[in-house]
Amino acid sequence: MSKRIIKKVAILGSGVMGSRIACHFANIGIEVILLDIVPKDAAADKKSRNKIVNDALAFALKSNPSPIYSKTFANRITTGNFDDNMKDIATCDWVIEVVIERLDIKKQVFEKVEQFRKQGSLITSNTSGIPIHLMNEGRSEDFQKNFCGTHFFNPPRYLKLLEIIPTPKTSPEVVDFLMHYGELYLGKTTVLCKDTPAFIANRIGVYGIMSLFHLVEKMGLTVEEVDKLTGPVLGRPKSATFRTCDVVGLDTLVHVANGVAASCPNDEAKAEFAIPGFIAKMVENKWLGSKTEQGFFKKVKGAGGKSEIHALDLKTLEYKPSQKVKFATLEATKPIENLRDRMKVLITGKDKAGDFYRAMFFGLFSYVSNRIPEITDELYKIDSAMSAGFGWDLGPFEAWDALGVSDTVKYMESAGKKPAKWVNEMIAGGSTTFYKVENGVRKYYDIPSKSYKAIPGTESFIILDNIRANKTVWKNAGTTLTDIGDGILNLEFHTKMNTIGGEVIGGMNTAIDMAEKDFQGLVISNEGANFSAGANVGMIFMMAVEQEWDELNFAIKAFQNSMMRVRYSSIPVVVAPHNMALGGACEMSMHSDKVVAHAETYMGLVEFGVGLIPGGGGTKEFAVRLADEIKEGDIELNAFRQRFLTIGQAQVSTSAHEAFNLGYLRKGKDMVVVSRNRLLTEAKAECLEIAKEGYTKPVQRRDIRVLGKTGLGLAYLGADTMKSGGYISEHDVKISQKLAFVLCGGDLSAPTMVSEQYLLDLEREAFLSLCGEKKTLERIQSILVGGKVLRN
C-alpha cells in the first residue's frame, strides 16, 4: 500500500468552523484552499465573487483568541469560490466539507467534489450530527472507501477533540490514517465513533446540559449558582454550563437536543431532551447567547457607563446584576488541591450543593453506562471525548472511579438511577474500577472480555502519572524526579501554579547533580495545567518589606546560579514547556540546551508589569542573544530597540511559534510539538540525541558585545518621549532605565566585550534596587491582594 502524504487540503465552506479549520491546517504547515459560494448578484471580478470567503477568513484572523499560531501562516491559505475554483481540488490530498447542516446541500457539494477530486484523495465531512452513511449514497466506490466523518470541535485550534466516524464502506486504511494523522500532526485526541446521533461527545454533553436544565427548574437554582457549581471546582472550564451555552448558542444546543430526541426513540433518558419552558421562551425571544448579545448573561452599561454582567432570572426571565454564590460544601473544598479528593467532598455535601451533585452525577453515570455499546464499545472513548471536547479534567467513568464505583452504585440505586447491567456484573466479577495502572501502563475495563486492556494508541506516550509510583528516584515538597528510561531523568514541579520557589530551585540542582553522576541527560517537564507561572513574587515582596536585603540578594543569586547550571552542566538539559511559561519559567527555558515547546506555549518575560526587570538571567540572556544576532550599525540599534521593547512591554507569545519572533525561542535550535501527548516523548528523544552526539559542558561566555552609552541614549530618549506623551509613569521610566543599563552593559563609553557574569551582576543589582522602590512594592501588593497569578 502506498504511503499517504498530505501536502494540500481543500476546505469547502468558510463559516466559523471552516475558516478556523483552514487556519489550523495552515498552522501545521499545510497548503490550504478555502472555498465558499459566490454572493448573489456578484460582479464578474474575482474580488466580488470571493467576497464571502475573504470576509469570513478576515473575520477569523481578527478573532480572539486567534485561530492561527502566527499571522504569517495565513499566507498558506488561498481563497476561492465553488463555481470558479472547485476544479482546484484536483491538486488536493484531502477535501473537508464544512457547509451548512443540511443533507441535501451536502450531497450537492459532494456531487461537485466527485467531478474534480483525484482518485484516492480523502473526502471527509465536519458534520456534527447528520448520519455519515447518508452522505455518500450514490457516490463512486473510490469516493465511498475514502469517505469518513471528521468532526472538529470549535475552536479547532484549542479544543483537542477530533471524532472520526467511518461508514461501513470506509476503508480501514483511511480510518487508521485519520486516527494517526489527527493525533500526530493536528495535535488532536482522536476518538473513533460509531455513526450514531450526535456521535459521542455531543450525545453525552448535550444530555448533561439538558438534564441540568430540568434539574435547575426542579431545585430552583440560579444561573450564577449552577456556573459556580459546574466550573473549575469540578475540573471543568471557567465557562461552566450557562456561559458555555451562551458561547455555543442556545439555538445550536436546542437543534442537537431535538435531533437526539427524534433519532433516539429508545433512549431511556429521552424525556431529558425535551425543551424546558424557559429555554423555549429564550429561543423565541432570540436570547441565544453571544451571537445575539444576550442569553443567560447580558452585558449592560451600569453607573458611570461602566460595563456590568447581568444574569437571567430563570423564574421571571428578567436580567439582574450577577450575585455572589456561597455554599458550605464549596467552602469545605477550598483547601483541597487534588480533584479526585475534592470530588468525594462535593458528592457527600449536606447542603443544596451536595443534593445537586448527587442528582447530576447519578444521572450522568447511569446515562453513560447505558450508552455502551450503543455509541461505543469501549468506555475510555467516552472519557476521552468529554475531556478533549468539553474540557473536563475527569471524564464520567474517571469521576466515577474517583468516587468509588461500588459505593456509588449503591447510592445511585437508592436514588432510582440504576447503572447498566454490565456495571453490576463487573463489580460481581471482582473488578471495582474502570481503570487501573499496571507496570506503568494505564488500562481500561473491557466489557466483552471482562478484563483490563491497555488503551490503544498510548504506547508511544510517556505519561508521568502512570510511571511516577515506580520510577521516582528523588522528590521534595515541590518537585519529583523520575527515571523516564534510557538514561534520561525528568524533573516536574507540583507547587501551586507550578511557581518557582526554594523547593523548585533545590529540586533543579539536585536533579542536575544526580543526572551528572548517573544519567545521560535531564528533561524539565510536567503534566500540570501550566508549565509554570514563574517565580513566586510573594517571597520577594516579604523580603523587601522586611528590608532583608542580604537574604534577598542571596535568593536572587541562587536563582541566577541555578539558571546558569541549566546552561552549564555536564549533561544536556531540555525544557519542555506548555501553556504558561512566564518570568522565571521563560528564563529557565532560555538557558536550556534545547526547548521542545508545545505549540500552545505562552511564553514571556513579564517582570516589568510588577515594576521589576527579569532577574534570573533573562535580561542577561537577551543581551547575549542580541550580541549574537546583530552586526554593527543602524540594524544594531533597531535590534536593540526590539529586544528592549519585548521586555519593557512584558510581551507574551500567543503560541510557541510567536515565541521565536519575540526572541524567547531560538530559530534552528528549539522546536515545536503540536501533540501535547507526545511532548515529553519528543523532549526525551531530543535530550538523548544531544547526549549521544557527545555532549561537552559549555564554557561561560566572555565575548558578549554590549552597546554601552550608544544604546543607553536611545533607550533613555525613548522612555522620556513616552513619559512626555503620557503613555508611561515616572516609575516606568525608572524601570526602563534600569533595563537599558543591563542590556547595554552599563554606561560604557563604547561598545565593549563583557562576560555573562558581569551582566548577571548588573542584572541582580538593578533587580534589587527596584525591589526597594515603593511603587514596585505597591504593584506586587496589588497582585497579592487581588489573588492574581504571581508571574515573575
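Lys286 sits in the loop between H13 and strand E9 (297–301). In this predicted model, phi of Lys286 is near 65°, a positive value in a residue other than glycine. Lys286 has a relative accessible area of 56% and is therefore exposed. Met497 also has a positive phi, near 60°, and is placed in the loop between strand E17 (488–493) and helix H22 (502–518). Its relative accessibility is 31%, so Met497 counts as partly exposed.

Turning to the rings, the structure holds 31 aromatic pairs. In one of them, Tyr207 and Phe273 have ring centres 6.3 Å apart and planes at 55°, so the pair is tilted. Tyr207 is in helix H9 (residues 201–219) and Phe273 in the loop between helix H12 (250–263) and helix H13 (277–284), so the pair ties together parts that are 66 residues apart in sequence. Tyr207 is buried at 4% relative accessibility, and Phe273 is buried at 2%. Elsewhere, ring pairs join Phe356, Tyr357, Phe361, Phe365, Phe397, Trp400, Trp422 and Phe434 into a cluster.

| Arginine | Ring | Distance from ring centre |
|---|---|---|
| Arg76 | Phe73 | 4.0 Å |
| Arg243 | Phe297 | 3.9 Å |

Key. Residues numbered from 1 in each chain as written. Predicted model: local features only at pLDDT ≥ 70, side-chain atom pairs only at ≥ 80, totals over all residues. Heavy atoms only, no water. Phe/Tyr/Trp six-rings, centres within 6.5 Å; stacked < 30°, edge-to-face > 60°. Helix = DSSP H or I, 4+ residues; strand = E, 2+ residues; numbered from the N terminus. Buried < 20%, exposed > 50% of the residue type's maximum accessible area, 1.4 Å probe, protein only. Lys NZ or Arg CZ within 6 Å of the ring centre and 35° of its normal.
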